[in-house]
Amino acid sequence: MDNITIRSAVASDAPALASMLDQLGYPTDAGEIPGRLARMAERPGTTVFVAEHHHKPVGVVTVHLFPSLHTSEPVAWLTAVVVDEAMRGTGVGSALVKHAEEWARRQGATRLALTSHLRRVEAHEFYKKRQYEHTGVRLAKDLTGPTSHATQKKSDAFHVLEFDHHDEAAAFVAALSRFVSSPARAGDPGSVEVWARSPVHRESVKLFLSDRALDAAQTAFSPVPHHKTVSRQALPDECFLIIGDNTKAWGADEASARLTQRA
């Protein structure tokens with residue numbers, strides 16, 4: 001595709017990068033991007049490239065080099081390739097991957113590998129068409145403990161509700177927790193999960209409701225609009241469980257304290 005420029009990512013790309021990560025299923029606060037880029041820049045052998053079209057970031061790729069015991073050459077890993085949904089199918093992804101391959105080759109790597117989630121079937125075909133081979137299996141273990149959302153075999157869909165202030169979120173959480181623990185719910189043993197994310201130094205709160213939590217909210221209140229739906233795997237690392245199977249009925253003050261305690 002013409003008019004595509006590939007360059008190193010900079011802090012001012014944050015809004016566009018956050019939007020693209022959001023499209024991929026990883027909700028990201030744009031304010032966190034500059035810090036992440038800075039930390040990556042501090043690590044030798046790590047780079048982030050942005051594809052720009054008419055001076056607008058439309059794609060991003062991250063590449064890492066690691067020393068290895070089984071070979072004298074560094075091992076290169078492609079850890080993220082994201083193209084803005086409006087530009088997919090135009091050659092931006094191909095240009096980014098080719099650029100990453102050339103960079104890795106210049107660093108002395110003789111092989112570039114990547115991992116891709118099982119559900120991303122279209123991505124698998126994209127890489128196979130570019131001579132990437134399925135040579136192994138990726139296994140992962142969540143190290144955050146037995147209550148981690150990544151280890152629970154429950155509903156995979158979470159519905160995102162956004163609140164401008166933690167008091168609004170606290171009122172919602174308190175009312176929902178009272179409803180799901182009330183006698184009216186005694187005949188419905190289904191699991192209810194609500195995860196919360198309260199960014200540092202911000203009043204806003206995001207709540208992530210499981211399917212049953214959303215059903216309960218829509219039963220207890222008026223229809224609840226949700227901003228979008230994400231998978232369990234895409235829940236932010238910083239979020240915490242505020243309503244679960246054994247959660248008591250929160251009062252508004254208790255819920256507010258819980259939310260602000262994490263902020």
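Predicted model: local features only at pLDDT ≥ 70, side-chain atom pairs only at ≥ 80, totals over all residues.

I began with a side-chain pair: Thr-71 and Glu-73 are joined by a polar contact of 2.6 Å. A polar contact here is a pair of N or O atoms within 3.5 Å; within protein, one must be able to donate a hydrogen and the other to accept it, and residues adjacent in sequence count only if both atoms are side-chain atoms. I placed Thr-71 in the loop between strand 3 and strand 4.

Residues are numbered from 1 along each chain as its sequence is written, and side-chain values use heavy atoms, leaving out hydrogens and water.

Next, the overall count. I find seven helices and 10 strands in the protein chain; these are DSSP runs numbered from the N terminus, with at least four residues (H or I) for a helix and at least two (E) for a strand. Of the 263 residues, 40% count as buried.

Five strands make an open sheet in the order 1-2-3-4-5, with mixed pairing; two strands pair if DSSP finds at least two bridges between them. Strand 1 (4–8) and strand 5 (112–114) are the edges, each pairing on one side only. Inside the sheet, strand 2 (residues 46–53) pairs with strand 3 (residues 56–66) in the antiparallel sense, over eight bridges. I picked out Thr-47, whose bridge partner in strand 3 is Val-63.

Last, the rings. I count four aromatic pairs, meaning Phe, Tyr or Trp rings (for Trp, the six-membered one) with centres within 6.5 Å; planes under 30 degrees apart are stacked, over 60 edge-to-face, the rest tilted. One of them is Phe-49 with Trp-103, edge-to-face at 6.4 Å centre to centre and 75° between the planes. Phe-49 sits in strand 2 and Trp-103 in helix 3 (residues 92–106), so this pair ties together parts 54 residues apart in sequence. Phe-49 is buried at 6% relative accessibility, and Trp-103 is buried at 11%. Tyr-127 and Tyr-132 are also edge-to-face, with centres 5.6 Å apart and planes at 70°.

Technical notes: Buried < 20%, exposed > 50% of the residue type's maximum accessible area, 1.4 Å probe, protein only.
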